[in-house]
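This report starts with a single residue and then turns to a chain interface. The structure comes first.

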Amino acid sequence: MDVLFDILGSANFWAAAIRIATPLIFGVLGALICERAGVLNLGIEGIFVAGAMAGWLAVYLGAGLWGGVLVAALAGALFGLLHAILTVVLGLSQHVSGIGITLLATSVSYFTYRTALPDVSTPPRIAAFQPINIAGLSDIPFLGPALFQQTPMTFLALAFVAIIAFVLYRTPLGLAIRAVGDNPASVEAQGLSVRGLRIGAVVAGSALMALGGAFLTMSAFDAFFFGMVNGRGWICIALVVFASWQPGKALLGALLFGAFDAFQIRLQAQIGQVVPGQVFLMLPYLLSIVALILVARRADYPRALLQPWTKGQRH
Amino acid sequence: MTDIPASALLSLENITKRFGPLVANDGISLSLQRGEILALLGENGAGKTTLMNILFGHYVQDEGVVRVAGKNGLETLPSGSPGAALAAGVGMVHQHFTLAENLSGLANIRLGTEALLSLGRASAARRKIEQIIAESGLTVDLDRRVADLTVGEKQRVEILKALYRDAKVLILDEPTAVLTPQEADGLFVVLRRLAANGLGVIFISHKLGEVLAISNRILVLRAGRKAGELVSATADRRAIADLMVGKAVAEVTRAPAKPGAALMAFDKVSLRQGASRQSLRKVSFELRAGEIVGLAGVSGNGQAGIAALISGLAVPSEGELLLYGKPIHRADPRALVAAGVARMPEDRQHDGVVGTMSVADNIAIEEVRSPAFSRSGWLDRKAMRARAQSAIAAYDVRCLGPDAEARLLSGGNVQKLILARVLEREPRVILANQPTRGLDVGAQAEVHRRIIAARDRGAAVMVISEDLDELFALSDRFLVAHEGEITDAGPAEGLDRSTIGLLMAGHSAAAEGLAS
């Protein structure tokens, strides 16, 4: 028990939990927007890779850090548009298209990286985002280092949670997005475009996913590695269900996962001699499966999720 | 334009719409005045809904023009745009509601009325809607999730959606199909009040009685064409029915039953479904060859249990269910079908057919293992199509052929398909659960004729229905279900509606009266 309290009592642990959660916050918000509109986007894993690579490469080639963020978002939006054309316009299987996007985006990213840098053996580094000090807040004992010494992208992620919650629940646009994921006929009967809303949601959601990838190469690390996304996209797909498609709960889910992950790293250091390391690596995934079982059985799915919409067809 | 009065709200001119080789609308014209309630009457598949979907922009017509009253008299409405129809003041309440169930009533009404990239005007919207509610009497809790509203309340939200957009024309597609009689009466009061304030209403229905009660004028459609136009006040029921089906509707007649041996028997059968709910309590009765037994009752009083037992979907928790004198111990639908039990399920679209499979597949689906449709484990597609062809012809299933997907068929045609599937095998026991719910007059008569013919051939038939008229038309003997118990009301002769009604409400005195 002492080990447990030692870990939970360190500011360093909480800072790490939030840092690990940041890419997941971007990813889960992106997936949430897509699914609220009725489109499952399994391209997320590949879009993470594309965002990570595109953002990093832009900065490596001389763009500013925020310029890199923008390039990453554009790359994500582009793959999102492809997914939207395949699933919304052509009405193809969202599963198949999503997996295809993941494979395509991953390979294109690796290919671009190798083509742009054919001769390097160690990944080149960039000057990544650094943690910022917020006057006053960051100096509070314990809470300051635990919560307020993060990079700007983490604060951006947190801002997006609030923005997306506001848009979804407080604006006509959010109303339309929630409606189109529940019953597209309701949207069409009120004179709005089902296709337009869904394409927009998938493109915007994919741009957010790419920011999750960009955080990895521009905040968490300062270089691009193959395999660095390592399933984070898939975790986001599970977290959306855990969050019952609500932004606030999505933040909670991402933080919870971040905490598990930070916890296992520290636990490994403490009692790693007794238990094999792989057990600790499994821990966050096991716990997220348990959390899913507890929460998702009651989940209120968007009713039109996975259902293509064809105007003028007899339903 | 001179022949159109100044108070005209709407005119449809020579509308034609084809779905492949099927002509759904063939040169139909109609007009609507302020304050008028126009009924669009016709059988299922006559083209009523298609016509209104063109007016509302869900479908694009192949020929013809839609004009709606605007600033400069009647203006042509661009086709294929619900947005344009809404803007022109046309509101539509679909048969299948177009509501987002995860949103509140208020949110559904506001949806699409405010600029997407704005903060919205929730409180102004609420004020306007509350005023409309006060004027029209369409009471509904605006803040409740639509999923938690009753069907009647959902319909009110749909009407409010149209009124909130200042609709001049309100189209209602089969609005009473989902309502209880009391809710339907309430709707009629609202519609009359709205029409008195100048709204033009188009009321789509296949129920003659309610059309005569609510409308000023009736337009009858048949097979995609306009069959006639009448003034409701002077219209004759009989004449309209003939216009609808295109020929005189023959009364279904029924010779007295000659009951034979008991084919299926319930002996003190109890059934528990779920953890605690007891759906049947010590039920005993017999289904005899050559007799139609009608099961009356308010829905949810044990009918589902009886149907599940006869269909082979359940076995008694206590007591015995005997088929041809032998007890059934295992829930085995396939064995029952093979033994000659025919099932017409209550929810025919959901439980009766596989929507994404073809008509031929659905015809053969209950006996794919029989030599008729398969040889050493391989399907005989040719035989399946041939049977479907003959079934389509014999039962008048209107569809594009054996390969058409079953989900594209209208309700009446799905029921005919099911009839063809189960009756062609000459079953000995028939369960007809709500056999004509939602069907039009013509299809209804056809289904009744087929059921009576099966009885005359010697089948034991159980009809479960919430429609007492139907039960009186078909039944030789009456059973009444109340809270899981079944009362034998005896032969249909000598029974009247009020006796059955009392039994349905659980008055055992009525049963004692029968005995004495």
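## One residue, one interface

A:Thr154 sits in helix 7 (residues 152–170) of chain A. Helices here are DSSP runs of H or I with at least four residues, numbered from the N terminus. This is a predicted model: local features need pLDDT of at least 70, side-chain atom pairs count only at pLDDT 80 or more, and totals for chains, interfaces and linings use all residues. Residues are numbered from 1 along each chain as its sequence is written, chains are lettered from A and ligands numbered from 1 in the order in which they are written, and side-chain values use heavy atoms, with hydrogens and water left out.

A:Thr154 counts as buried because its relative accessibility is 2%; buried means under 20% relative accessible area (1.4 Å probe, protein chains only). Neighbours within four places in sequence aside, A:Thr154 is in contact with A:Ile18, A:Thr22 and A:Phe215. Contact means heavy atoms within 4.5 Å.

Now the interface. Chain B brings 36 residues to the contact and chain A 27 residues.

| Chain B and chain A | Value |
|---|---|
| Buried area (accessible area, 1.4 Å probe, lost on being put together, summed over both) | about 2400 Å² |
| Share on carbon and sulfur atoms | 57% |
| Salt bridges (Lys or Arg side-chain nitrogen within 4 Å of an Asp or Glu carboxyl oxygen) | 0 salt bridges |

Helix 2 (82–87) and helix 3 (105–110) of chain B each supply at least two residues of the side that touches chain A. Helix 3 of chain B gives the most, with 4 residues.

Notes:
Buried < 20%, exposed > 50% of the residue type's maximum accessible area, 1.4 Å probe, protein only. Buried area = accessible area lost by both parts, 1.4 Å probe.
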